[in-house]
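Trainee: Could we go through this one together? I'd like to see how the terms get applied.

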Amino acid sequence: MKLYYKPGACPLASHIALHETGRPFEIEAVDTAAGRTDSGADYRAINPKGYVPALGLDDGSVLTEGAAILQYIADSHPEAGLAPAAGTLARAQMQEQLNWIGTELHKAFGPLFREATSEAGKDDARTAVAGKFDFIEAQLEDGREWLVAGQFSVADAYLFVVSNWANFTGIDLARWPRLAAFVSRIATRPSAQAAMRAEGLIQ
């Protein structure tokens, strides 16, 4: 498999999941503005949507959309324990988390990464993100270590990546101590360390 990514962007969650499997894979960075991969390939020929992530499979097909890629990685490597079994309530709860992170939290960060956003617009976005973080903090109040079923899953990888964007957008995670501890806990996992190092995010 080959993961197409931008350093520190949402494909980092899939990158972490791939390391969790312990199986070999490739990565290639993408300049989405230019529409080119590091090797000079036309990225839109690989993924017509033009954004990351995309996962090239061994049969030549390409899978897009982070939540779908994360679940595919989990399901194709069941021994890694990255998702509850299909058809269980826990699996539906994990999908619930993935959908919420993608449609609510991830999207709330959008204005903070757009150069055209005014300062007032960025302040509004930070307020919106804070509201989402309040929701996560309330979920973690029961003392759970992971989001679903007491096990690390691909939903945790996704939440880690998006929540960590706070550190680059003027949001202090200290206001949400349980979430901050969650982020710190995943940051020390060997898979997260390996993925971040490969993307040039840490030494």
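**Pocket and packing**

Mentor: Helix 4 gives the most to the lining of the largest pocket, with seven residues. Mind that this is a predicted model, where local features need pLDDT of at least 70, side-chain atom pairs count only at pLDDT 80 or more, and totals for chains, interfaces and linings use all residues. Residues are numbered from 1 along each chain as its sequence is written, and side-chain values use heavy atoms, with hydrogens and water left out.

Trainee: What makes a residue part of the lining of a pocket?

Mentor: An atom within 4 Å of a pocket point; on a 1 Å grid over the protein atoms alone, a pocket is an open set with protein on both sides within 12 Å along at least five of seven lines. Here 37 residues line the largest pocket, and the closest to its centre include His106 and Trp165.

Trainee: How do you know which domains supply the lining of the largest pocket?

Mentor: Domain bounds come from an automatic or database domain assignment. Domain 1 (2-80 + 191-199) and domain 2 (89-189) each give at least three residues.

Trainee: What makes Ala67 of helix 3 and Leu98 of helix 4 part of the contact?

Mentor: Contact means heavy atoms within 4.5 Å, and both residues are among those making the contact, along with Leu70 and Met94. Helix 3 (residues 66-76) and helix 4 (residues 89-109) pack at about 145 degrees, axes 10 Å apart; axes are lines fitted to C-alpha atoms over the stretch in contact, and angles run from 0 to 180 degrees between N-to-C directions.

Technical notes:
Helix = DSSP H or I, 4+ residues; strand = E, 2+ residues; numbered from the N terminus. 1 Å grid on protein atoms, 1.4 Å probe; cavity = no way out; pocket = protein on both sides within 12 Å on 5 of 7 lines; lining within 4 Å.
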